[in-house]
Amino acid sequence: MSAPALEKRGTPAQPRAGATAGGPGGGPGRPRGPLAALGSRPRLLALGVAVLVAVVTAAVLDGGTWPTALVYDIQTRLDQVSDWLTDNRDRHWIFLYVLLHVSNFATGTVDQLYLVLSDIGWIGVTALATLLSWYVAGAGLTRRSLRVAALTVFTFAVCGLLSLWDYALATLSLMLLAVTVSAVIGLLLGLLSGLSNTCERVLRPVFDSMQVMPAFAYLLPLVLLFGIGAPAALVATVIYAAPPMARLTSLGLRGADPAALEASVSLGSGRVQRLLTARLPLARKEMLLGLNQTIMMALSMVVLASMIGAGGLGDKVYQGLSKDSFGIAFIAGTAIVLIAIWLDRVTSAAGEQLDAPARTTGSGFARACARLRGWPAWSGFLALALLAYLTGPLFGQRFWPPEWTVRISAPISSGVEWLTGKIGSDVPVLGGTDTWANNFTLWVLNPMRDGLQETPWWAALLVVAALALVGGSWRAGLTGVLSLSVIGAMGLWEKSMDTLSQVLVALVFTLVLGVLIGILGARFDRLMRVIRPVLDVMQTMPQFVYLVPVVALAGVGRPAAICAAVVYALPAVVRITAQGLAQVDTAALEASRSLGATGIQQLRQVQLPLARRSLLLAVNQGVVLVLAIVVIGGLVGGGALGYDVVYGLQKSDLGVGLSAGVAILCLGLLLDRLTQSAGTRQTGSGRN
Amino acid sequence: MPRLPLPPPSRRRRNLAVALRPNQQNDPKQPTRTRSSDRRAGAVRRRGVQLLAGAAVLGLVVGLSGCGKADPYYSGGSKTVTITVPAWAGAEANVAVAKHLLEKKLGYRVKATQMDEPVAFDALNSGQADAIMEDWLGVPNKEKKYVEEKKTVVNAGHMGVTGHIGWFVPKYYAEKHPEVLDWRNLNKFAKDFRTPESGDKGQLLEGSPSFSTHDAAIIKNLDLNFKTVYAGSEAAQIKEMRKKYEDREPFLTYWWTPQWLNSELDLVEVKLPKRTPGCDADPEKVDCAYPYTKLTKFMNARFAKNGGDAAEFLKKFKWSTAQQTEVVEWMTIDQMDTDEAAAKWVEENEETWKKWMP
């Protein structure tokens with residue numbers, strides 16, 4: 001990784017100074033001096049002053065922690081709540097009449113689904129899934145539907161071959177329920193916000209925070225409220241996966257063709273009738289896309305869900321992590337990726353199907369298929385499933401036959417171990433990754449953390465406010481200052497600064513690498529074509545999988561967490577950068593070329609400035625993703641807030657776990673709002 | 001976890017539209033609106049209505065079921081046993097063998113769920129789990145509350161192994177500096193144990209955050225110049241220890257016996273202050289060594305009473321340290337699949353497990 005970038009971040013204050021210089025005022029080729037530029041932009045000046053104050057006070061005063069007088073002992077209070085919850089679980093009405101119903105429903109349904117699936121047997125499940133996918137994808141002999149069907153068979157066969165059948169079934173049963181519930185809730189919320197402007201205004205920030213919150217942070221309270229296993233996993237998944245469905249439903253309802261609606265009105269239909277006969281059907285494409293997103297989001301929760309005892313494939317990944325076996329984690333991760341790809345293809349094929357004309361011509365087979373579409377087919381599936389369920393036990397084989405499996409986890413593990421052993425230490429001259437990690441901790445992470453911790457709390461607040469101001473939104477500033485104050489008031493200032501230092505370092509790496517690869521990708525089409533599938537897989541792979549080899553390379557500690565975060569957040573940044581650059585107006589490029597600009601000049605003076613919006617979006621995405629995984633770094637010695645959350649989860653200690661969770665949420669909010677406000681100001685539009 | 005947080009809908013839509021629709025343009029049949037497509041639109045309309053109706057019915061069902069009182073100890077289907085699996089290999093071996101026998105010989109379905117000690121006790125209390133196979137008595141307050149006060153959890157006897165937790169240093173280091181084995185001299189050697197993570201203090205390597213430990217309190221109460229650094233899991237801790245061991249570097253670690261790695265690495269325990277009655281009663285004020293603990297099984301009270309053969313079997317389950325270590329070594333050193341290792345052991349040790357059968 002690039003050493004100069006490291007050097008620049010050597011002292012804690014410089015990243016901010018760097019950000020200033022790279023900000024709106026610092027464009028190349030300006031005739032004015034830096035001071036004049038600052039003078040003409042009072043907001044930048046304010047930021048400069050704030051940073052200066054922070055640096056000077058951090059150096060002069062010792063100890064910048066939040067004053068203890070302003071700390072509220074929330075942990076004891078939370079422990080009392082936790083005690084109350086466990087004591088009243090079988091007594092209080094809120095449990096007996098509300099929460100326990102939810103958890104019993106979840107436990108029972110998931111259990112039942114699993115039993116039904118395993119009773120149908122492996123042949124039946126594969127056959128039914130294939131038939132269903134084939135039907136949804138068009139039910140013909142077209143290439144698309146056949147390809148989807150083949151993908152289904154492949155996915156299930158791989159799960160079986162890797163002896164993950166049982167785990168895959170458990171995951172599928174949880175996913176079936178979670179996706180259904182998320183979709184229904186998302187649909188209802190989407191209806192609300194699509195039909196009423198007030199609801200839209202209220203719900204939008206709710207959706208925003210539902211998705212920005214690292215799920216890791218709110219697992220523990222869910223466990224206490226709903227119980228370990230399927231119930232808590234279900235609720236966590238719904239919180240995370242329902243928003244896209246709601247957003248897209250709302251978008252579809254709002255984007256309906258006014259002419260069609262007008263026609264509907266002129267035909268005398270009432271509000272409800274219009275909704276059911278015109279608006280909803282017109283929005284079904286967006287709704288399908290929403291379903292697709294919901295499924296993807298739900299699948300990405302699989303591993304986290306296993307941390308609270310939901311079982312399934314995620315459990316295998318988690319086991320791989322705790323056994324330090326990359327092979328186990330990797331094959332389970334592969335299965336999850338395959339399932340994700342399969343479901344993605346099926347739902348998007350269904351979306352395309354909406355566009356395709358009904359086949360009244362063509363071969364006899366296609367016509368026969370077309371005639372069967374709709375309720376006959378669905379009831380046929382139901383009958384088939386029932387038949388398979390009843391006859392399945394007769395065939396005896398409930399799970400994939402064990403003799404048809406291959407064991408590749410051990411060789412993969414030993415391969416990776418050999419590799420990491422080779423480059424881990426004692427490499428001549430370079431010293432090996434382990435040595436780098438140690439130096440990195442000593443010379444970058446520790447000074448950075450100490451610097452942030454030394455910065456007086458009020459100076460930190462000042463800097464945040466100034467940064468938000470430069471971004472152009474006092475609201476973001478307010479959110480930021482409030483978030484930091486909440487962190488301080490909970491007595492988690494030092495730990496949060498530690499986590500923040502890790503996030504910032506990881507972010508810098510991610511952005512530098514990501515933008516670089518993105519630029520290269522935009523320039524060389526062939527490169528992009530090669531790395532796109534890799535990026536796809538990297539993004540769908542559960543982030544836990546990365547932790548195992550990273551620990552082997554960098555040893556236990558913060559560098560490992562940071563490496564994993566960089567790997568995880570990289571694809572999104574690369575993708576957004578490349579896309580932003582590719583979308584730059586070709587006319588502008590052509591013009592600059594005809595004026596004799598070289599490649600580098602084009603990039604610096606045309607492409608990058610024009611793609612600024614995408615770049616800022618990349619920063620925003622990077623922040624959210626990095627934060628999510630740096631926290632998980634608590635599992636591999638990352639310490640700080642992440643460790644507290646893990647500790648809270650594993651010891652069911654609400655005081656420690658929830659307050660650290662809230663601190664993470666605050667950090668997330670702070671970083672998200674700051675980067676987002678900059679993004680919206682630059683473009684005048686975007687998310688609010 | 002966050003895969004793509006907050007894609008602005010419009011942008012995302014364009015991506016997908018571009019990425020996922022390669023075949024659309026070259027479809028020769030133009031999407032002209034025919035009568036049958038109108039018919040299909042009608043079908044979709046009906047489907048929309050039915051979808052809404054379905055949602056309404058679902059809501060009604062949930063609402064109605066909400067009127068009744070829920071069973072606070074509901075645990076899913078029958079003939080299913082849920083056993084908690086904590087985060088160390090030894091305990092995993094217990095569960096794997098028990099699972100194999102319950103499934104193959106007694107016809108139960110076993111759900112082995114990753115759960116750590118304190119959470120497992122909560123789950124036993126609520127009936128979401130049926131049994132803990134190996135407990136190090138690390139959560140005395142929960143044990144007291146559930147076993148003695150609420151009587152929702154029962155002690156199901158010892159599982160045959162005695163465990164001990166302590167602080168260990170490698171033998172090569174102890175031979176060079178024999179004084180390090182007394183806690184009073186630890187501060188003198190603190191600088192040897194420094195790492196980038198522990199800063200200017202000595203590092204006390206820890207395993208998973210879920211393990212029973214009083215180390216932070218002990219360090220504080222004995223005024224030691226050390227800091228706990230968590231590897232995150234047993235395996236990560238072992239990896240760290242092996243690395244240091246190979247390079248003959250000094251390290252101080254939280255460790256325990258029986259442990260399969262002890263046959264590979266030569267470790268010596270550092271003597272902590274002698275135990276006095278009640279010295280570890282208050283977790284904040286612990287200032288003495290860890291006890292020798294007879295590892296214990298716990299069960300949900302209802303399961304213990306009505307669990308039939310499964311409960312009987314789990315109560316009788318008892319094996320020796322050597323037997324447990326054998327299975328663990330297959331799992332760890334030979335990288336055998338957990339289920340396979342259990343099957344192998346069951347095959348070779350019939351006379352042992354015969355005694356556990358109800």
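Two strands are taken to pair if DSSP finds at least two bridges between them. The model shown in every view is predicted.

**Figure 1. Strand S9 of chain B and its antiparallel partners S3(B) and S4(B).** S9(B) covers residues 292-300 and is joined to S4(B), residues 153-170, by seven bridges in the antiparallel sense. Along this pairing, B:Gly163 stands opposite B:Thr293, and B:His158 stands opposite B:Thr296. S3(B), residues 131-135, also runs antiparallel to S9(B), with three bridges between the two strands. On that side, B:Ala131 has B:Met299 of S9(B) as its bridge partner. S9(B) is mostly covered, with seven of its nine residues buried. In a regular strand, side chains alternate between the two faces of the sheet.

**Figure 2. Further pairings of strand S4 of chain B, with S7(B) and S8(B).** S4(B) pairs with S7(B), residues 252-257, over five bridges in the antiparallel sense. B:His164 is placed opposite B:Thr257 of S7(B). The pairing of S4(B) with S8(B), residues 267-270, is likewise antiparallel and has four bridges. Here B:Trp167 faces B:Val270 of S8(B) across the pairing. B:Trp167 is also listed with the members of the largest nonpolar core that touch the most other members.

**Figure 3. The largest cavity, lined by residues that include members of chains A and B.** The structure holds 15 cavities of 30 Å³ or more, and the largest has about 240 Å³ of space. How many residues line the largest cavity, and which lie nearest its centre? The lining has 22 residues, and those nearest the centre are A:Met307, A:Tyr318, A:Gln650, B:Gln114 and B:Asp116. The elements of chain A that give two or more residues to this lining are helices H10 (215-226), H15 (302-307), H16 (313-323) and H31 (640-651). H16(A) provides the largest share, three residues. By residue class, the lining has 14 nonpolar residues, seven polar and one charged.

**Figure 4. The second largest cavity, with lining residues from helices of chains A and B.** This cavity has a volume of about 190 Å³. Of its 19 lining residues, A:Arg89, A:Val223, A:Leu224, A:Gly227 and B:Asp122 are the closest to the centre. At least two lining residues each come from H5 (74-88), H6 (93-136) and H10 of chain A, and from H4 (117-126) of chain B. Which helix gives the most to this lining? The answer is H4(B), with five residues. The lining divides into ten nonpolar, seven polar and two charged residues.

**Figure 5. The largest nonpolar core.** The core has 271 residues. The members that touch the most others are A:Phe216, A:Phe544, B:Val97, B:Leu102, B:Trp167, B:Phe313 and B:Leu314. H6(A) gives the largest share of the core, 16 residues. H6(A) also contributes to the lining of the second largest cavity.

**Figure 6. Two annotated spans of chain A.** An unreviewed UniProt entry carries the annotation "domain: ABC transmembrane type-1" for residues 168-347 and 496-675 of chain A. Residues 168-347 are 88% helix and 0% strand, and the end C-alpha atoms of this span lie 19 Å apart. Residues 496-675 are 87% helix and 0% strand, with their end C-alpha atoms 19 Å apart.

**Figure 7. B:Glu143 in helix H5 of chain B.** The helix covers residues 140-150. Is B:Glu143 buried or partly exposed? B:Glu143 counts as partly exposed because its relative accessible area is 22%, and buried requires under 20%. The view also includes B:Lys294, 151 residues apart from B:Glu143 along the chain, with 15 Å between the two C-alpha atoms.

**Figure 8. A:Ser145 in helix H7 of chain A.** The helix covers residues 143-161. With a relative accessible area of 0%, A:Ser145 is buried. A:Ile331 is 186 residues apart from A:Ser145 along the chain, and their C-alpha atoms are separated by 27 Å.

Methods: Residues are numbered from 1 along each chain as its sequence is written. Chains are lettered from A and ligands numbered from 1 in the order in which they are written. This is a predicted model: local features need pLDDT of at least 70, side-chain atom pairs count only at pLDDT 80 or more; totals for chains, interfaces and linings use all residues. Side-chain values use heavy atoms; hydrogens and water are left out. On a 1 Å grid over the protein atoms alone, a cavity is a set of points where a 1.4 Å probe fits but cannot get out, and a pocket is an open set with protein on both sides within 12 Å along at least five of seven lines; lining residues have an atom within 4 Å of a point. Grid points are joined across faces, edges and corners, and a volume is the space filled by probe spheres set on the points. Ala, Val, Leu, Ile, Met, Phe, Trp, Tyr, Cys and Pro count as nonpolar, Asp, Glu, Lys and Arg as charged, and the others, Gly among them, as polar. A nonpolar core is a set of buried Ala, Val, Leu, Ile, Met, Phe, Trp, Tyr and Cys residues joined through side-chain atoms within 4.5 Å. Buried means under 20% relative accessible area, exposed over 50%, partly exposed in between (1.4 Å probe, protein chains only). UniProt positions are given in the numbering used here, feature names are shortened, and annotations may be inferred rather than shown by experiment.
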